[in-house]
Number of protein chains: 2
Amino acid sequence: MSAPVSLPSLGIVGAGAFGRFMARHLVPHFDLVLADPRADLDAIAGRLGARAGTLDEAAAAGITILAVPVQAIGEVAHALATRLPAGALVLDVGSVKVKPARLLAEALPETVDIVCTHPLFGPQSAADTIAGRKITLCPVRGDRADGVARFCGDVLGLKVIEATPADHDRELAYVQGVTHLIGKTLLTMALDDFDQTTVSYDLLRRAVGYIADDSADLFRAIELENPFAPEARRAFFDAVRQVESVLEDAEHRPGEAAP
Amino acid sequence: MSAPVSLPSLGIVGAGAFGRFMARHLVPHFDLVLADPRADLDAIAGRLGARAGTLDEAAAAGITILAVPVQAIGEVAHALATRLPAGALVLDVGSVKVKPARLLAEALPETVDIVCTHPLFGPQSAADTIAGRKITLCPVRGDRADGVARFCGDVLGLKVIEATPADHDRELAYVQGVTHLIGKTLLTMALDDFDQTTVSYDLLRRAVGYIADDSADLFRAIELENPFAPEARRAFFDAVRQVESVLEDAEHRPGEAAP
């Protein structure tokens, strides 16, 4: 199936949960080729109205988005390096930005433009609509970030935030770190499906529900590939211990001042 | 200001945040008298369209709701015991139910009916509307719980759940315990107002925002007056430690299997 001649080409490398989610939202705007070594790629691409292609084809599209685990960015960047045409634009969508920005800048030729991105939503949290959701853009090389920002804002309806990779990782270390630590804690508790729930508890469970199906790779990326994650993690665990200690004191001296 | 003769009388003891919130929703349906030792009671009652009254008047109303901290239930129940007419109905709205149910049953004469309640929402989480919010009812003495349930469901539009005080406290130890422990942890972390937030993080902050203004008395009641709170607290802190230990292992052996 060939797309109308007017649509620009775009390649997505990686047909995992996020790659497919992204393809669904980009396919109306691009002649989309999806590359992935998985056996059922034809069926996946077919369902999305995209073409199944090779890494060469995804690289030749002119705009190529890497939707692979952060842990695989370096390897994929090296594989793409010799396949990308001069003037190509490469983007990623990983949950950390310092490391992918460095790896892409190191691996890809100077003639290739790079914009790193982090869509701050996913297939669960934006199942209904992506309009109004946030995306961080980090311009890394070339002057294409403004065009990407306009597409994200005007065409997709996203709220675009521009940041350096370090500023992104510093904020997200807390934002995603705290969310995922709380999520893992609640999953570890294996709580019953309670009937007598408060409004706050229902919101908490919704927040955790959105990340419950996130991959182990994503959790590892958030916790181990973000240079600010250890600091955020320590702040969380220290705060928990402080709350625990205040409560232990209160338990043993029930008449004392409130915690 | 006197109410139309057709409205039944109802007394609320306690004009704190929850007492006022409740008065606002009950005043269309009752000739409402609000009792509280605070100096600005006249002004508060006036703004709500209720009458400021004495404890005697709130007791004489025939239906009396205690909107006092759980820690004060015993004292208020004793003060009411000699003031209530035979056939009166007494309710409370505290966040734990085993202890108030026992204290009310012990303090109030056998001729007084008792229904303990826990509205699972508050001035923050139900600022827009109470319709569809949940309330737990625990029948303690007499046969008035069905009437209370009908009023809550049909007139106020609440979702009514009937439970024993023990069943309530067991569930809520987890539901409120986990929410408030996470809330206290995030408040202790004193997180910045981040710009690059995920959908899950926004929900989490909303959940915490609803309880951020809760009183120290309420936190103490949830954590120290619920017989199941120590068990729930232990489960939470144990789960946090388990997550921390998995992450420490992963940090030191980055090549290993994902947590």
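Reader: Into which domains is chain A divided?

Author: Keep in mind that this is a predicted model. Chain A splits into domain 1, residues 9-164, and domain 2, residues 168-248. The C-alpha centres of domain 1 and domain 2 of chain A are 27 Å apart.

Reader: How do you know which residues of domain 1 and domain 2 of chain A are in contact?

Author: Heavy atoms have to come within 4.5 Å. By that rule, 16 residues of domain 1 of chain A touch 15 residues of domain 2 of chain A. About 1,300 Å² is buried between these two domains of chain A, with carbon and sulfur atoms giving 56% of that.

Reader: What makes Glu225(A) and Lys99(A) a salt bridge?

Author: The cut-off is 4 Å between a Lys or Arg side-chain nitrogen and an Asp or Glu carboxyl oxygen. In the pair Glu225(A) and Lys99(A), the closest N and O atoms are 2.4 Å apart, so the pair qualifies under the 4 Å limit. The rule finds 1 salt bridge across the interface of domain 1 and domain 2 of chain A.

Reader: How do you know that the copies meet through the same surface?

Author: Of the interface residues of chain B, 100% are also interface residues in chain A, so the same surface is used by the copies. The contact takes 67 residues from chain B and 67 residues from chain A. Chain B and chain A bury about 5,800 Å² between them, 69% of it on carbon and sulfur atoms.

Reader: What makes Glu244(B) and Arg241(A) a salt bridge?

Author: Same test: the closest N and O atoms of Glu244(B) and Arg241(A) are 3.1 Å apart, and the limit is 4 Å, so this pair counts too. The rule finds 4 salt bridges across the interface of chain B and chain A, and there are 16 residue pairs in polar contact between these chains.

Reader: Which element gives the largest share of the side of chain B that touches chain A?

Author: That's α7(B), with 16 residues. The residues on this side of chain B divide into 38 nonpolar, 13 polar and 16 charged.

Conventions
Residues are numbered from 1 along each chain as its sequence is written. Chains are lettered from A and ligands numbered from 1 in the order in which they are written. This is a predicted model: local features need pLDDT of at least 70, side-chain atom pairs count only at pLDDT 80 or more; totals for chains, interfaces and linings use all residues. Side-chain values use heavy atoms; hydrogens and water are left out. Domain bounds come from an automatic or database domain assignment. Buried area is the accessible area (1.4 Å probe) that two parts lose on being put together, summed over both. A polar contact is a pair of N or O atoms within 3.5 Å; within protein, one must be able to donate a hydrogen and the other to accept it, and residues adjacent in sequence count only if both atoms are side-chain atoms. Helices (H or I, at least four residues) and strands (E, at least two) are DSSP runs, numbered from the N terminus. Ala, Val, Leu, Ile, Met, Phe, Trp, Tyr, Cys and Pro count as nonpolar, Asp, Glu, Lys and Arg as charged, and the others, Gly among them, as polar.
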